[in-house]
Amino acid sequence: MTTEAATLTPRGYLQAQNRWHPLEIAFWLATLLPFVLFPDYLSLASQIAITALFALSLDIILGYAGIVSLGHAAFFGIGAYTAGLISKFGWGEPLSGLILAAALAGLVGFAASFIISRFRHFTLIMITLGLGLLAFEAANRAHWLTGGSDGLQGVSIWPVLGIFKFDLYGYTAYAYSLAALFVVFLAGRRLINSPFGLALRGIRENWVRMPAIGADSRAHIRKAYTIAAAIAGLAGAVLAQTTESVSLESISFQRSADVLVMLVLGGAGRLYGGLVGAVIFMIARDQFSGIAPQFWYFWIGVLLVTVVMVLPNGILGGLSHFYARWKRK
Amino acid sequence: MSAPAHPARDTGDRAIALATRALSKSFGSLPVARDIAINLPAGARHALIGPNGAGKTTLINLMTGMLAPNAGQILLGGDDITTLGPQERVRRGLARTFQINTLFAGLNALEAVTLVVAERRGLAGQFWRSVGGYGEAIDEAYEILRKLKLGDACYQVTRELPYGRQRLLEIALALATKPKVLLLDEPAAGVPQEESGEVFEAVAGLSDDLTLLFIEHDMHVVFRFASHIIVLVGGAIFTEGTPAEIAADPGVREVYLGKRKHG
């Protein structure tokens, strides 16, 4: 990058950061492969797309702004229950359901952000953990509304755009999930490359310096947290709509922990970190649980420890490091 | 502290850019700032000196709002800013640098200074357009870097910059806030003596409109660049005056050469 940069103007250099890399185009073309090559795995593929969307939302606050969260599933769950309930009470139109679910999750995220933006590090881990547990128990307790541990039943989603019915094979489900992921990714990509994205990286890189350059870090964090919560809610809504059910698992601590693991595996603070992490995690889970249904977390543990020890910046961080070295030769 | 503080000097018709009045702060029972009254006239080149632990950095922290005083006032251009937060003071034109590099290690110099410019121009909340689309802000950032001779290194990640250049980037970040008053906390700290001149040449090259207060230990540098020197001992102003007056002051000699005060 440094050799190219020497011939660039400062404007050109920063504009170039926004350009699409051929590998990115290849990545998105590859997401279409399951339709052709693995039609039996379409439901797994849509699970991956939904999880990737969820991981992308965590990446914005954790990877870019350095704001830790152990309770991110709260927003995923709020989105899932909102979408499920809207449909259960008679409005099965999927796109408006998505928007409402994202808006409600974003609203709750905005309220929580006033607490979140005041704390850092260990305190914040405990606070987000607590908020996550709170949301879980609230959903568990409100059996009359959410179905509690029985799950929310009776969700029925109308065809997308009035045309595409959610079929048994999962063609529509995967296309729908993938479209949601892609659209949000485009928006997220803009955000990361924007002045606001730069400010988030500033918060991550040096919290102390931010006020000394006249920046209001807390306002930035509130905004980022609200956006991340809305995206997480959207991901939850897609899950509820494509599976036509909502289980308590969607708002559980397990989901919060899993998404963190994915982001660390893939590489936090990288646009594709959450996406690659979700692909690896979900496929590993699918394969490992085939080998030993009860002990598959053992292998996830092995994978996590290995990656963190060998590639501290995640799999993508490691790859880009080797790529840069190879290019320099 | 036998020597009484000199009364604030007559500054002629120059307006006071930054002033403190009876500023006091203690950590528990330990006073770190005692009844400090400073007047920085617009365009000043004042040095703040004193032995280790005299409270020089504490004073900068108080002025910039990173610490809250127990008593006293801080005035920026005549306005009382004592209760304002650090970022609000920066927006009103009071910037600082840090003795220990406080940079954005993972950003390159261009990104870091562009961020500061974007914050000042009120663009940093915008998330719908790529940074590359804000050409004027980028040009302004690059111009600041170029003036500090960082232009050729602006694409290099901060943590990989040579230490001396990181010190210059410290100043660049502060300048990008377009300050009226700039407080430099040992701008050449840790830079080998033969290279520290470079940092101070950059400081000397700053606009005359900018009001400067800098902390520095190297007396050669202080005598060369400061027009006025404030000596701080034990959290209080020991004396102040022109370099010639300070050099001739036996009390200052005693503080520096005789029994040094630590704490």
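**H6 and H7 of chain A.** I started with helix H6 (residues 73-88) and helix H7 (residues 94-116) of chain A, whose axes come within 8 Å and cross at roughly 140 degrees. Helices here are DSSP runs (H or I, at least four residues; strands are E, at least two), numbered from the N terminus. The axes are lines fitted to C-alpha atoms over the stretch in contact, with angles from 0 to 180 degrees between N-to-C directions.

**Note on the model.** This is a predicted model, where local features need pLDDT of at least 70 and side-chain atom pairs count only at pLDDT 80 or more, while totals for chains, interfaces and linings use all residues. Residues are numbered from 1 along each chain as its sequence is written, and chains are lettered from A and ligands numbered from 1 in the order in which they are written.

**Who touches whom?** Back at the H6(A) and H7(A) pair, I listed the contact residues (C-beta atoms, placed from the backbone, within 7 Å). H6(A) brings residues including A:Phe75, A:Ile78 and A:Ile86, and H7(A) brings A:Leu98, A:Leu104 and A:Val108, among others.

**A:Ala65.** Next I looked up A:Ala65, in the loop between helix H5 (42-64) and H6 of chain A. Is A:Ala65 buried or exposed? A:Ala65 has 26 C-beta neighbours inside 10 Å, so it counts as buried. The rule is 20 or more for buried, 12 or fewer for exposed, and partly exposed in between. Leaving out residues up to four places away in sequence, A:Ala65 touches A:Leu200, A:Ile203, A:Arg204, A:Ile221 and A:Ala224.

**H13 of chain A.** For helix H13 (residues 217-243) I checked the length: its 27 residues should span 39 Å at 1.5 Å a residue, and its end C-alpha atoms are 39 Å apart, which agrees. The expected span is 1.5 Å times one less than the number of residues. I also found 23 of the 27 residues of H13(A) buried, so the helix is largely enclosed by the rest of the structure. Just after H13(A), A:Glu244 takes a positive phi of about 50 degrees.

**Chain B against chain A.** Last, I saw 39 residues of chain B in contact with 31 residues of chain A. H3(B) gives the most to chain B's side, with eight residues.

Terms used: Contact = placed C-beta atoms within 7 Å.
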